[in-house]
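This briefing sets out selected features of one chain, grouped by topic. Please read it alongside the sequence and the coordinates.

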Amino acid sequence: MASRSVRFLAVALVSLTAVAQGQHRAPRKSAAQVHPQSGPVILIPATVESGSPELIQIRAPYALSRVEGEWLGHKLQFFPNHDRSAWFSLAGVDVEAPAGPSKLTITGFVGTTSGESSRDLSLQVPIHPAHYRTASITVAPKFVEPGPEEKVQIEADSKVKDKAFAEASKSDKPFWSGNFLAPVKAQPTDSFGTRRMFNGKLASIHKGTDFRAATGTPVHAGNSGAVILAQPLYYEGNCVMIDHGQGLMSISMHLSRIDVKPGQQVTRGQQIGLSGATGRVTGPHLHWAIRWQGAMLDPAKLLKLNLNSLH
Ligand SMILES: [Zn+2]
């Protein structure tokens, strides 16, 4: 009953907004026109939603010596193709980012440091709401109401993770190259962004994609990078984090075995462990998450991005 009235209210609000903006705004299709895909800056995917990874491409009719940018409080890092006729940044919008207008600030620089001039390539980017599902899940009570000992462990884990996250943001060049590969040969579920209730109490957002994989399924690095964490954690179970450069990382959880060590370089497709059911789980699966500068992005959308020909 409650959820029905919430839904009705949401529908009513949307209709009211539509009426209020009806004179000025065409239906949803207009998104592409707001950030014209014919200009020097192109976003892929073109429709930007909460949780979307975004490949930002700049193809200016003049050679740029460097590019700076900022979006939703994140500093963008760009890298050029072989002749600097195109620049790229792999960024994204956090799953919890509110829908609405955003300003993508981009400055392109022409010339050398002695005689440099700048071009403003900024554009308005509307962020659309993604329509994520809700679900109820039952796990062992210790994962919903951890005791004093478990709380000590969770606190220690959070320090270890913060250290790993801080390390990842330091690199200024991408370690990845080409398309990201699925970490297991198994079907991904449509689970990213799901609003979940654990044991009817704890509400949280599912910030990764679950792959249906039996315990012992080989787990591979989605792309090249450096291992920055490889150890058991309370909720995550046996966990591996790979730094792909420029603040982008992939995280594999609930492994039954870890095959890599912190500091180790891995290549795309290299085995990093075996899937399992360690940590807070309802059964064996691989939870795979993509994090960019603290923003949690939809792994399924990253897998669909064509990054093979950035030249
Ligand atoms: Zn999961």
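Two strands pair if DSSP finds at least two bridges between them. Helices (H or I, at least four residues) and strands (E, at least two) are DSSP runs, numbered from the N terminus. The structure is a predicted model, in which local features need pLDDT of at least 70 and side-chain atom pairs count only at pLDDT 80 or more, while totals for chains, interfaces and linings use all residues. Residues are numbered from 1 along each chain as its sequence is written, and side-chain values use heavy atoms, with hydrogens and water left out.

**Overall composition**

- The chain contains four helices and 23 strands.
- Of its 311 residues, 46% count as buried; buried means under 20% relative accessible area, exposed over 50% and partly exposed in between (1.4 Å probe, protein chains only).
- Among contacts (heavy atoms within 4.5 Å) with a separation of 6 or more, 68% are between residues 24 or more positions apart.

**The open sheet β15-β21-β19**

- Three strands make up an open sheet in the order β15-β21-β19, with antiparallel pairing.
- Its edge strands are β15 (218-220) and β19 (257-258), each of which pairs on one side only.
- Three bridges join β15 to strand β21 (residues 271-274) in the antiparallel sense, and Pro-218 stands opposite Leu-274 in β21.

**Strand β17 and its partners**

- Seven of the seven residues of β17 are buried, so the strand is largely enclosed by the rest of the structure.
- β16 and β17 run antiparallel and are joined by seven bridges; the bridge partner of Val-227 is Ile-242 in β17.
- A hairpin of three residues links β16 to β17.
- β17 is also antiparallel to β18, through five bridges, and Met-241 stands opposite Ile-251 in β18.
- Four residues lie between β17 and β18 in their hairpin, where Gly-245 in the turn has a positive phi of about 90°.

**Helix α3**

- Helix α3 (residues 148-168) has 21 residues, which at 1.5 Å a residue should span 30 Å; its end C-alpha atoms are 31 Å apart, in agreement. The expected span is 1.5 Å times one less than the number of residues.
- The buried residues of α3 are Asp-157, Lys-161, Ala-164, Phe-165 and Ala-168.
- Seen down the axis of α3, these buried residues fall within an arc of 95°, so they line one face of the helix; the arc is that of the directions from the helix axis to the C-beta atoms.
- The face turned away from the buried side carries the exposed residues Pro-148, Lys-151, Val-152, Lys-159 and Lys-163.
- Elements covering the buried residues of α3 include β16 (225-233), β17 (237-243), β18 (248-255) and β22 (286-292).

**Zinc site**

- The zinc ion is coordinated by His-206 (NE2), Asp-210 (OD) and His-287 (ND1) at 2.1 to 2.2 Å. Donors are N, O and S atoms within 2.8 Å of the metal (3.2 Å for Na, K and Ca); water is not among the atoms, so sites may look incomplete.
- The donor residues follow the sequence spacing H-x3-D-x76-H.
- His-206 is buried at 2% relative accessible area, and Asp-210 counts as buried at 14%.

**Strand β7**

- Phe-88 lies in strand β7 (residues 87-92) and is buried, with a relative accessible area of 0%.
- Ser-89, also in β7, is buried at 1%.
- Beyond its neighbours within four places in sequence, Ser-89 is in contact with residues including Glu-54, Ile-56 and Leu-76.
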